[in-house]
Amino acid sequence: MPKKTAADSQGDRSTPPPLPAPLAVAVADSHTHLDMQSGTPAEGLARAASVGVTTVVQVGCDVPGSRWAADLAAQFEQVHAAVALHPNEAPRIHLGDPDGWSGQQRPAGGAAALDAALAEIDALAALPQVRAVGETGLDYFRTGPEGVEIQKESFRRHIEIAKRHGKALVIHDRDAHEDVIAVLLAEGAPERTVFHCYSGDAAMARTCAEHGWYLSFAGPVTFRANQPLRDALAATPLDRVLVETDAPFLTPHPYRGRPNAPYLIPVTVRSMAATLGLHEDELATAIAANTARAFGY
(Lines give C-alpha, C1' and ligand atoms only; values in the text may rest on other atoms or scores of the structure.)
Protein backbone atom coordinates (compact mmCIF):
# COMPACT_ATOMS: atom_id res chain seq x y z
CA MET A 1 0.00 0.00 0.00
CA PRO A 2 1.50 3.43 -0.90
CA LYS A 3 2.72 5.58 1.94
CA LYS A 4 0.48 8.54 2.76
CA THR A 5 1.94 11.93 1.92
CA ALA A 6 1.41 15.26 3.69
CA ALA A 7 -0.84 16.30 0.82
CA ASP A 8 -2.97 13.20 1.34
CA SER A 9 -3.40 14.02 5.03
CA GLN A 10 -4.41 17.59 4.24
CA GLY A 11 -6.91 16.28 1.76
CA ASP A 12 -8.41 14.01 4.42
CA ARG A 13 -8.79 16.98 6.78
CA SER A 14 -10.59 19.03 4.17
CA THR A 15 -13.00 16.21 3.28
CA PRO A 16 -16.42 16.45 4.98
CA PRO A 17 -17.13 13.57 7.38
CA PRO A 18 -19.66 10.94 6.30
CA LEU A 19 -23.34 11.12 7.19
CA PRO A 20 -23.99 9.51 10.60
CA ALA A 21 -26.88 7.15 11.23
CA PRO A 22 -30.10 9.16 11.52
CA LEU A 23 -31.61 10.01 14.87
CA ALA A 24 -35.03 8.48 15.47
CA VAL A 25 -36.17 11.63 17.28
CA ALA A 26 -35.61 14.88 15.40
CA VAL A 27 -33.56 17.61 17.08
CA ALA A 28 -32.37 21.15 16.39
CA ASP A 29 -28.88 22.55 15.90
CA SER A 30 -29.12 25.51 18.27
CA HIS A 31 -26.15 27.41 16.81
CA THR A 32 -24.68 27.24 13.33
CA HIS A 33 -23.16 29.47 10.65
CA LEU A 34 -24.44 28.25 7.29
CA ASP A 35 -22.94 31.30 5.61
CA MET A 36 -19.46 30.01 6.45
CA GLN A 37 -20.04 26.45 5.21
CA SER A 38 -19.49 24.93 1.78
CA GLY A 39 -22.41 24.31 -0.55
CA THR A 40 -25.74 26.12 -0.53
CA PRO A 41 -27.89 26.53 2.58
CA ALA A 42 -30.56 24.37 0.95
CA GLU A 43 -28.05 21.55 0.50
CA GLY A 44 -26.85 21.85 4.08
CA LEU A 45 -30.39 21.84 5.44
CA ALA A 46 -31.30 18.78 3.34
CA ARG A 47 -28.27 16.83 4.60
CA ALA A 48 -29.17 17.74 8.18
CA ALA A 49 -32.80 16.74 7.76
CA SER A 50 -31.76 13.38 6.31
CA VAL A 51 -30.23 12.42 9.68
CA GLY A 52 -32.91 13.93 11.92
CA VAL A 53 -31.67 17.50 12.37
CA THR A 54 -34.78 19.30 11.18
CA THR A 55 -34.31 22.77 12.67
CA VAL A 56 -31.33 25.12 12.88
CA VAL A 57 -30.62 28.49 14.46
CA GLN A 58 -28.55 30.57 12.04
CA VAL A 59 -26.42 33.02 13.99
CA GLY A 60 -25.13 36.40 12.85
CA CYS A 61 -21.86 37.85 14.12
CA ASP A 62 -21.91 41.29 12.50
CA VAL A 63 -24.42 43.53 10.71
CA PRO A 64 -24.16 41.91 7.23
CA GLY A 65 -24.17 38.40 8.75
CA SER A 66 -27.21 39.25 10.86
CA ARG A 67 -29.06 40.55 7.82
CA TRP A 68 -28.16 37.33 5.99
CA ALA A 69 -29.45 35.23 8.92
CA ALA A 70 -32.77 37.09 8.97
CA ASP A 71 -33.15 36.75 5.21
CA LEU A 72 -32.41 33.01 5.33
CA ALA A 73 -34.92 32.45 8.13
CA ALA A 74 -37.54 34.26 6.05
CA GLN A 75 -36.89 31.80 3.19
CA PHE A 76 -36.79 28.52 5.14
CA GLU A 77 -39.37 27.52 7.73
CA GLN A 78 -36.85 25.26 9.49
CA VAL A 79 -34.39 28.12 10.04
CA HIS A 80 -34.59 30.59 12.93
CA ALA A 81 -32.28 33.60 13.10
CA ALA A 82 -30.17 35.12 15.84
CA VAL A 83 -28.71 38.60 15.26
CA ALA A 84 -25.92 40.45 17.04
CA LEU A 85 -22.47 41.93 17.05
CA HIS A 86 -19.98 39.30 18.20
CA PRO A 87 -18.04 40.42 21.29
CA ASN A 88 -14.92 40.86 19.17
CA GLU A 89 -16.89 42.87 16.61
CA ALA A 90 -17.82 45.73 18.93
CA PRO A 91 -14.23 46.88 19.61
CA ARG A 92 -13.38 46.63 15.90
CA ILE A 93 -16.31 48.86 14.98
CA HIS A 94 -15.62 51.31 17.81
CA LEU A 95 -11.95 51.58 16.86
CA GLY A 96 -12.73 52.09 13.18
CA ASP A 97 -11.31 48.81 11.91
CA PRO A 98 -12.36 48.46 8.23
CA ASP A 99 -13.02 44.77 8.81
CA GLY A 100 -15.62 45.68 11.40
CA TRP A 101 -18.45 45.80 8.86
CA SER A 102 -16.99 43.33 6.40
CA GLY A 103 -15.72 46.11 4.11
CA GLN A 104 -19.08 47.83 3.74
CA GLN A 105 -19.52 51.61 4.12
CA ARG A 106 -20.08 52.65 7.71
CA PRO A 107 -19.30 55.48 10.14
CA ALA A 108 -15.61 56.12 10.78
CA GLY A 109 -15.50 54.65 14.25
CA GLY A 110 -16.18 55.59 17.85
CA ALA A 111 -19.49 55.65 19.68
CA ALA A 112 -21.40 56.75 16.58
CA ALA A 113 -20.29 53.69 14.63
CA LEU A 114 -21.24 51.33 17.45
CA ASP A 115 -24.59 53.09 17.88
CA ALA A 116 -25.32 52.72 14.16
CA ALA A 117 -24.48 49.02 14.18
CA LEU A 118 -26.58 48.37 17.28
CA ALA A 119 -29.48 50.26 15.73
CA GLU A 120 -29.37 47.82 12.81
CA ILE A 121 -29.34 44.85 15.20
CA ASP A 122 -32.27 46.38 17.10
CA ALA A 123 -34.29 46.70 13.89
CA LEU A 124 -33.52 43.12 12.84
CA ALA A 125 -34.42 41.81 16.32
CA ALA A 126 -37.98 43.05 15.79
CA LEU A 127 -38.52 40.67 12.86
CA PRO A 128 -40.69 37.61 13.60
CA GLN A 129 -38.21 35.12 12.09
CA VAL A 130 -35.48 36.43 14.40
CA ARG A 131 -35.81 34.35 17.55
CA ALA A 132 -32.74 35.51 19.46
CA VAL A 133 -30.23 38.27 20.03
CA GLY A 134 -26.75 36.81 19.88
CA GLU A 135 -24.10 35.81 19.79
CA THR A 136 -23.13 38.48 22.28
CA GLY A 137 -21.16 38.40 25.49
CA LEU A 138 -17.48 38.68 26.33
CA ASP A 139 -14.35 37.24 24.72
CA TYR A 140 -11.04 37.87 26.47
CA PHE A 141 -9.15 35.42 24.26
CA ARG A 142 -8.97 37.52 21.09
CA THR A 143 -9.70 41.01 22.42
CA GLY A 144 -7.17 42.51 24.83
CA PRO A 145 -7.77 44.69 27.91
CA GLU A 146 -8.27 47.78 25.75
CA GLY A 147 -11.48 46.28 24.37
CA VAL A 148 -13.07 45.04 27.60
CA GLU A 149 -15.20 48.07 28.40
CA ILE A 150 -16.45 48.33 24.80
CA GLN A 151 -17.39 44.66 24.89
CA LYS A 152 -19.25 45.13 28.17
CA GLU A 153 -21.14 48.14 26.82
CA SER A 154 -22.13 46.20 23.69
CA PHE A 155 -23.16 43.21 25.81
CA ARG A 156 -25.36 45.36 28.06
CA ARG A 157 -27.07 46.91 25.07
CA HIS A 158 -27.72 43.52 23.48
CA ILE A 159 -29.32 42.38 26.75
CA GLU A 160 -31.61 45.41 26.63
CA ILE A 161 -32.54 44.73 22.99
CA ALA A 162 -33.36 41.08 23.75
CA LYS A 163 -35.57 41.99 26.69
CA ARG A 164 -37.38 44.80 24.87
CA HIS A 165 -38.24 42.53 21.93
CA GLY A 166 -38.94 39.46 24.06
CA LYS A 167 -36.25 37.42 22.31
CA ALA A 168 -33.82 34.84 23.67
CA LEU A 169 -30.26 35.95 24.44
CA VAL A 170 -27.38 33.84 23.05
CA ILE A 171 -24.15 34.18 25.03
CA HIS A 172 -20.60 33.90 23.69
CA ASP A 173 -18.33 33.41 26.71
CA ARG A 174 -14.63 32.82 26.17
CA ASP A 175 -12.21 33.15 29.09
CA ALA A 176 -14.69 35.52 30.74
CA HIS A 177 -16.97 33.34 32.88
CA GLU A 178 -17.13 35.51 36.02
CA ASP A 179 -17.61 38.78 34.13
CA VAL A 180 -20.31 37.33 31.87
CA ILE A 181 -22.33 36.17 34.87
CA ALA A 182 -21.73 39.47 36.69
CA VAL A 183 -23.08 41.49 33.73
CA LEU A 184 -26.10 39.19 33.34
CA LEU A 185 -26.98 39.52 37.03
CA ALA A 186 -26.39 43.27 37.11
CA GLU A 187 -28.51 43.94 34.01
CA GLY A 188 -31.09 41.23 34.61
CA ALA A 189 -30.86 38.35 32.16
CA PRO A 190 -33.72 37.78 29.72
CA GLU A 191 -36.13 35.02 30.70
CA ARG A 192 -34.60 32.81 27.99
CA THR A 193 -30.79 32.92 28.07
CA VAL A 194 -28.57 30.41 26.26
CA PHE A 195 -24.86 29.85 26.83
CA HIS A 196 -23.63 28.88 23.38
CA CYS A 197 -20.80 26.33 23.23
CA TYR A 198 -20.75 26.06 27.00
CA SER A 199 -17.16 25.98 28.27
CA GLY A 200 -17.46 26.39 32.01
CA ASP A 201 -17.07 23.80 34.76
CA ALA A 202 -19.67 21.87 36.75
CA ALA A 203 -19.88 24.56 39.45
CA MET A 204 -20.70 27.20 36.87
CA ALA A 205 -23.25 24.87 35.27
CA ARG A 206 -25.02 24.62 38.63
CA THR A 207 -24.99 28.42 38.94
CA CYS A 208 -26.52 28.74 35.47
CA ALA A 209 -29.15 26.15 36.38
CA GLU A 210 -30.13 28.14 39.48
CA HIS A 211 -31.01 31.04 37.20
CA GLY A 212 -32.82 28.87 34.65
CA TRP A 213 -30.30 29.48 31.87
CA TYR A 214 -29.82 26.98 29.05
CA LEU A 215 -26.44 25.40 28.28
CA SER A 216 -25.68 24.37 24.71
CA PHE A 217 -22.97 21.76 24.21
CA ALA A 218 -20.89 21.47 21.03
CA GLY A 219 -18.18 19.20 19.63
CA PRO A 220 -15.68 19.81 22.47
CA VAL A 221 -17.86 17.76 24.83
CA THR A 222 -16.82 14.71 22.75
CA PHE A 223 -13.06 15.35 23.01
CA ARG A 224 -11.26 12.82 25.18
CA ALA A 225 -9.38 15.42 27.21
CA ASN A 226 -12.55 17.34 28.14
CA GLN A 227 -13.79 15.35 31.13
CA PRO A 228 -14.49 18.58 33.08
CA LEU A 229 -16.89 19.61 30.32
CA ARG A 230 -18.65 16.24 30.51
CA ASP A 231 -18.88 16.74 34.27
CA ALA A 232 -20.57 20.09 33.56
CA LEU A 233 -23.02 18.34 31.23
CA ALA A 234 -23.81 15.81 33.96
CA ALA A 235 -24.44 18.68 36.39
CA THR A 236 -26.91 20.40 34.05
CA PRO A 237 -30.63 19.66 34.53
CA LEU A 238 -31.94 17.71 31.56
CA ASP A 239 -34.53 20.40 30.80
CA ARG A 240 -31.74 22.98 30.28
CA VAL A 241 -29.55 21.00 27.84
CA LEU A 242 -29.18 22.02 24.18
CA VAL A 243 -26.86 20.80 21.42
CA GLU A 244 -25.13 22.69 18.62
CA THR A 245 -22.41 22.46 16.01
CA ASP A 246 -21.11 26.06 15.83
CA ALA A 247 -20.29 24.81 12.31
CA PRO A 248 -18.02 25.03 10.45
CA PHE A 249 -16.02 25.04 13.70
CA LEU A 250 -15.65 22.55 16.59
CA THR A 251 -16.22 19.31 14.70
CA PRO A 252 -16.90 16.43 17.11
CA HIS A 253 -14.62 13.44 17.67
CA PRO A 254 -13.63 11.37 15.69
CA TYR A 255 -13.73 14.01 12.92
CA ARG A 256 -11.98 16.82 14.77
CA GLY A 257 -10.18 19.13 12.35
CA ARG A 258 -12.49 18.36 9.43
CA PRO A 259 -15.37 20.61 8.28
CA ASN A 260 -18.36 20.70 10.62
CA ALA A 261 -22.01 21.04 9.57
CA PRO A 262 -25.45 20.55 11.15
CA TYR A 263 -25.69 16.97 9.86
CA LEU A 264 -23.05 15.96 12.44
CA ILE A 265 -25.32 16.78 15.40
CA PRO A 266 -26.14 13.04 15.87
CA VAL A 267 -22.46 12.35 16.66
CA THR A 268 -22.53 14.83 19.53
CA VAL A 269 -25.96 13.75 20.75
CA ARG A 270 -24.82 10.12 21.01
CA SER A 271 -21.68 11.10 22.92
CA MET A 272 -23.76 13.23 25.29
CA ALA A 273 -26.25 10.41 25.81
CA ALA A 274 -23.41 8.07 26.74
CA THR A 275 -22.09 10.60 29.27
CA LEU A 276 -25.54 10.94 30.84
CA GLY A 277 -26.38 7.25 30.75
CA LEU A 278 -29.48 7.91 28.66
CA HIS A 279 -30.85 6.33 25.52
CA GLU A 280 -30.24 8.70 22.60
CA ASP A 281 -34.00 8.94 21.95
CA GLU A 282 -34.62 10.17 25.50
CA LEU A 283 -31.94 12.80 25.22
CA ALA A 284 -33.08 13.85 21.73
CA THR A 285 -36.66 14.23 22.97
CA ALA A 286 -35.49 16.52 25.77
CA ILE A 287 -33.23 18.55 23.48
CA ALA A 288 -36.01 19.07 20.93
CA ALA A 289 -38.40 20.37 23.60
CA ASN A 290 -35.72 22.49 25.27
CA THR A 291 -34.64 24.18 22.03
CA ALA A 292 -38.20 25.03 21.04
CA ARG A 293 -38.84 26.48 24.50
CA ALA A 294 -35.54 28.41 24.59
CA PHE A 295 -36.07 30.05 21.21
CA GLY A 296 -39.83 30.37 21.37
CA TYR A 297 -40.89 28.47 18.26
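Predicted model: local features only at pLDDT ≥ 70, side-chain atom pairs only at ≥ 80, totals over all residues.

Colleague: What do the labels mean, and how many bridges join E4 to E5?

Modeller: Helices (H or I, at least four residues) and strands (E, at least two) are DSSP runs, numbered from the N terminus, and two strands pair if DSSP finds at least two bridges between them. Here six bridges join E4 to E5 (residues 168–174), and these two strands run parallel. From E4 the chain crosses through helix H6 (residues 148–165) to E5 in a right-handed β-α-β crossover; right-handed says that, with the strands pointing away from the viewer, the path from the first strand over the helix to the second runs clockwise.

Colleague: Which strand is joined to E4 by three bridges?

Modeller: That is strand E3 (residues 79–83), which runs parallel to E4, and in this pairing Val83 stands opposite Val133 of E4.

Colleague: Is E4 largely enclosed or open?

Modeller: Burial is read from relative accessible area, where buried means under 20%, exposed over 50% and partly exposed in between (1.4 Å probe, protein chains only). Because nine of the ten residues of E4 (residues 130–139) are buried, this strand is largely enclosed by the rest of the structure. Glu135 is found in E4, and the peptide bond that leads from Gly134 to Glu135 is cis, with omega near 20°.

Colleague: How many residues of strand E2 are buried, and with which strand does E2 pair over four bridges?

Modeller: Six of the seven residues of E2 (residues 53–59) are buried, leaving the strand mostly covered. E2 and E3 pair in the parallel sense over four bridges, with Val57 opposite His80 in E3, and the chain passes from E2 through helix H3 (residues 63–75) to E3 in a right-handed β-α-β crossover. Four bridges also join strand E1 (residues 27–32) to E2, again in parallel.

Colleague: How should I read the packing of two helices?

Modeller: Two packed helices are described by the angle between their axes and the distance between the axes. Axes are lines fitted to C-alpha atoms, for helices over the stretch in contact, and angles run from 0 to 180 degrees between N-to-C directions. Helix H10 (residues 265–276) and helix H11 (residues 280–295) pack at an angle of about 110°, with their axes 9 Å apart. H10 is therefore roughly perpendicular to H11, on a scale where angles under 35 degrees count as roughly parallel, over 145 as roughly antiparallel, 65 to 115 as roughly perpendicular and the rest as oblique.

Colleague: Where does Asp246 lie, and is Asp246 buried or exposed?

Modeller: Asp246 lies in the loop between E8 and H10, and this residue is buried, with a relative accessible area of 10%. Phi of Asp246 is near 55°, a positive value in a residue other than glycine. In the loop between E8 (241–243) and H10 one also finds Pro248, and the peptide bond from Ala247 to Pro248 is cis, with omega near 15°.

Terms used:
Residues numbered from 1 in each chain as written. Heavy atoms only, no water.
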